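Good morning, and thank you for making time for this item. I would ask everyone to keep the sequence and the model in view while I speak.

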Amino acid sequence: MTPMFRKADIILIAVLIIAGFVMSFTLAAGRSDGTTVTVTRDGRLYGTYDLAKDQTVEIREDGGVNIFEIKDGTVRMIEADCHNKDCMQQGVISKTGQTIVCLPHKLVIEITGGEQEYDTIT
Amino acid sequence: MTRSHNNRPAGDVNRLTAVALMAALALIFSYIEILIPFNFGIPGVKLGVANLVVIVALYYLGPRYAFVINMIRVAVAGLLFTGLFGFCYSMAGALLSFAVMYLIKKTGLFSVTGVSVCGGVFHNLGQILVAAVLISSLKIFAYFPVLIISGVISGTIIGIVSYLILQRLPKRAPESSGR
């Protein structure tokens with residue numbers, strides 16, 4: 001049996017960790033405060049909302065409910081009736097390109113606008 | 001003298017029993033992970049304890065057995081716990097990670113830890129691909145860097161544990177001949 005770690009394993013782990021950090025820094029770099037909240041449902045545009053205006057938006061579709069809150073230029077999912085509530089765990093977003101995703105309801109809330117809007121992956 | 005029906009080679013029964021036992025174990029691990037999610041508040045992050053069984057089977061019984069065990073686990077977990085969408089996610093994760101683990105093991109360059117790390121990372125990639133298809137948006141790939149790192153960490157833990165288990169198992173698997 002081979003040892004617990006071989007040279008190739010160490011290199012593999014190092015490369016993957018570095019790739020992960022480089023990708024996340026590239027995604028985070030050049031992000032400015034956004035201006036608009038864009039909601040996409042099932043790949044189609046659902047609506048756009050002004051990030052500067054405090055409001056609570058309820059999305060009720062096919063029996064699924066999501067409620068998100070725009071407050072002081074940030075967006076947060078405050079209510080969801082799916083079983084895992086992953087979207088509520090995704091926290092607060094405010095920078096261009098950041099997203100909150102609700103998988104069961106096929107919902108993507110994205111911050112758009114702002115100065116630089118490049119996203120290396122999408 | 002010819003061999004009769006009820007006089008099958010003992011190896012067949014042993015292998016069947018080993019597969020059934022390990023599939024049941026993998027299923028229990030899947031269930032435990034649903035009961036106690038180790039996600040640290042980050043959606044999609046998990047330890048992948050069930051992969052422990054798959055890796056041990058991959059090394060101890062061979063790829064065919066490991067594959068069957070993995071498929072039984074995903075199918076039964078889909079029926080019992082996760083539902084149709086959960087099944088799609090776990091199937092994609094399981095197929096991609098198994099294919100990559102098999103190939104990585106075949107190169108002969110990596111130990112069980114490297115194989116497990118690749119399994120963890122590609123499991124996450126498989127799930128994110130399904131998620132992107134289901135929501136018809138590539139935005140979800142913004143989570144990929146986090147899931148690479150979490151895949152490496154959980155893969156390393158599972159790899160080390162697999163290594164320790166494999167060392168303690170008897171040298172020869174029950175009549176499995178590693179097929």
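In the predicted model before you, A:Val75 has A:Ile93 of β6(A) as its bridge partner. The strands concerned, β5(A) and β6(A), pair in the antiparallel sense over 2 bridges. Two strands are said to pair if DSSP finds at least two bridges between them. Strands themselves are DSSP runs (E, at least two residues), helices are runs of H or I of at least four residues, and both are numbered from the N terminus.

A word on conventions. Residues are numbered from 1 along each chain as its sequence is written, and chains are lettered from A and ligands numbered from 1 in the order in which they are written. As this is a predicted model, local features need pLDDT of at least 70, side-chain atom pairs count only at pLDDT 80 or more, and totals for chains, interfaces and linings use all residues, while side-chain values use heavy atoms, with hydrogens and water left out.

Chain A has an open sheet of 4 strands, in the order β3-β4-β5-β6, with antiparallel pairing. Its edge strands, β3 and β6 of chain A, each pair on one side only. Strands of a sheet pair through backbone hydrogen bonds, either parallel or antiparallel.

Which strand does β4(A) pair with over 7 bridges? That partner is strand β3 (residues 55-61) of chain A, and the sense is antiparallel. Within this pairing, A:Thr56 has A:Glu69 of β4(A) as its bridge partner. The β3(A)-β4(A) hairpin has 2 residues between the strands, and A:Asp62 takes a positive phi near 50° there. β4(A) also pairs in the antiparallel sense with strand β5 (residues 74-80) of chain A, over 6 bridges. The hairpin of β4(A) and β5(A) has 2 residues between the strands, and A:Asp72 takes a positive phi near 50°.

Why can β4(A) be called largely enclosed by the rest of the structure? Because 7 of the 8 residues of this strand (residues 64-71) are buried. Buried means under 20% relative accessible area, exposed over 50%, and partly exposed in between, with a 1.4 Å probe and protein chains only.

A:Thr99 and A:Val75 are 24 residues apart in sequence, yet 9.4 Å apart in space, C-alpha to C-alpha. Is A:Thr99 buried or exposed? A:Thr99 is buried, with a relative accessible area of 9%. From β7(A), A:Thr99 and A:Val101 point one way, A:Ile100 and A:Cys102 point the other way, and all are buried. In a regular strand the side chains alternate between the two faces of the sheet.

β7(A) pairs in the antiparallel sense with strand β8 (residues 107-112) of chain A, over 4 bridges. A:Val101 stands opposite A:Val108 in β8(A). Their hairpin has 4 residues between the strands, and A:Lys106 takes a positive phi near 55°.

A:Asp42, in the loop between β1 (36-41) and β2 (44-50) of chain A, has a positive phi near 55°. A:Asp42 is partly exposed, with a relative accessible area of 25%. In chain B, Ser136 is found in the loop between α4 (112-135) and α5 (144-168). The phi of B:Ser136 is near 50°, and B:Ser136 is partly exposed, with a relative accessible area of 41%.

Finally, the nonpolar core. The largest nonpolar core has 55 residues, and those with the most contacts inside it are B:Leu61, B:Ile69 and B:Ile140. The elements that give two or more residues to this core are α1 of chain A together with α1 (10-35), α2 (50-60), α3 (63-107), α4 and α5 of chain B. α4(B) gives the most, with 12 residues. By nonpolar core I mean a set of buried Ala, Val, Leu, Ile, Met, Phe, Trp, Tyr and Cys residues joined through side-chain atoms within 4.5 Å. In soluble globular proteins, nonpolar side chains tend to be buried together.
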